[in-house]
Amino acid sequence: MDSQIDSAIEVVLNPILDFFKLIISFIFSSQTSTLIFGFFFMNLIGYLLMYVDKKTAKENEKITDEKKKQKRIPERTLFLVAFLFGSLGVLLGMYKFRHKTLHKSFTIGIPAIIVLQVIFCIYLLIKNLIS
């Protein structure tokens, strides 16, 4: 009787353990480490760009002469960084510095990019786990 229970437990637990081994090996592979580093780097860039643009916008408010105003970071650059997996940093910077929060393109666009990126990452994870 005990051997039947043991074999039943093995039948249930072995696939679960194999699944966790696969996930752990995926997380600690060198390719994944590079992706994680790139993700953090792009989000840091996105966060810092929002800070710099907000600071520039505040400084430009004080200047009346248009020629003396500093150049701002174009919105397309902020969206490009967000699209290149810096979206979380852009979103955090947006609300931390209260910058671009009244722009519908940012309040809807950046979270939409995040959702698309999460779906893409889930797709890649499932694809790698299956193959």
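Predicted model: local features only at pLDDT ≥ 70, side-chain atom pairs only at ≥ 80, totals over all residues.
View 1. A polar atom of the Thr56 side chain lies 2.8 Å from the backbone oxygen of Val52. When residues up to four places away in sequence are not counted, Thr56 touches Gln70, Lys71 and Arg72.

**View 2. The network of salt bridges that links Asp53, Arg72, Glu75 and Lys100**. Asp53 and Lys100 form a salt bridge in which the closest N and O atoms are 4.0 Å apart; Asp53 lies in helix α2 and Lys100 in the loop between α3 (75-96) and α4 (104-130), so this pair ties together parts that are 47 residues apart in sequence. Both of these residues, Asp53 and Lys100, are buried, with Lys100 at a relative accessible area of 10%. The side chain of Lys100 also meets that of Glu75 in a salt bridge (3.1 Å, N to O), a pair that links Glu75 in helix α3 with the loop between α3 and α4, 25 residues apart. Glu75 is partly exposed, with a relative accessible area of 31%.

**View 3. The salt bridge between Lys69 and Glu66**. The closest N and O atoms of this pair are 3.2 Å apart; Lys69 is partly exposed at a relative accessible area of 28%, whereas Glu66, at 57% relative accessibility, counts as exposed.

**View 4. A nonpolar patch on the surface**. Leu13, Ile16, Leu17, Phe19 and Phe20 form this patch, and together they have about 460 Å² of accessible area. Ile16, placed in helix α1 (residues 2-27), is partly exposed, with a relative accessible area of 40%.

Terms used:
Residues numbered from 1 in each chain as written. Heavy atoms only, no water. Patch = residues over 30% accessible without salt bridge, like charges linked within 9 Å, V, L, I, M, F, W, Y side chains within 5 Å. Areas by Shrake-Rupley, 256 points an atom, 1.4 Å probe, with all protein chains shown as cover. Helix = DSSP H or I, 4+ residues; strand = E, 2+ residues; numbered from the N terminus. Buried < 20%, exposed > 50% of the residue type's maximum accessible area, 1.4 Å probe, protein only. Polar contact = N/O pair within 3.5 Å; in protein donor to acceptor, adjacent residues only side chain to side chain. Contact = heavy atoms within 4.5 Å.
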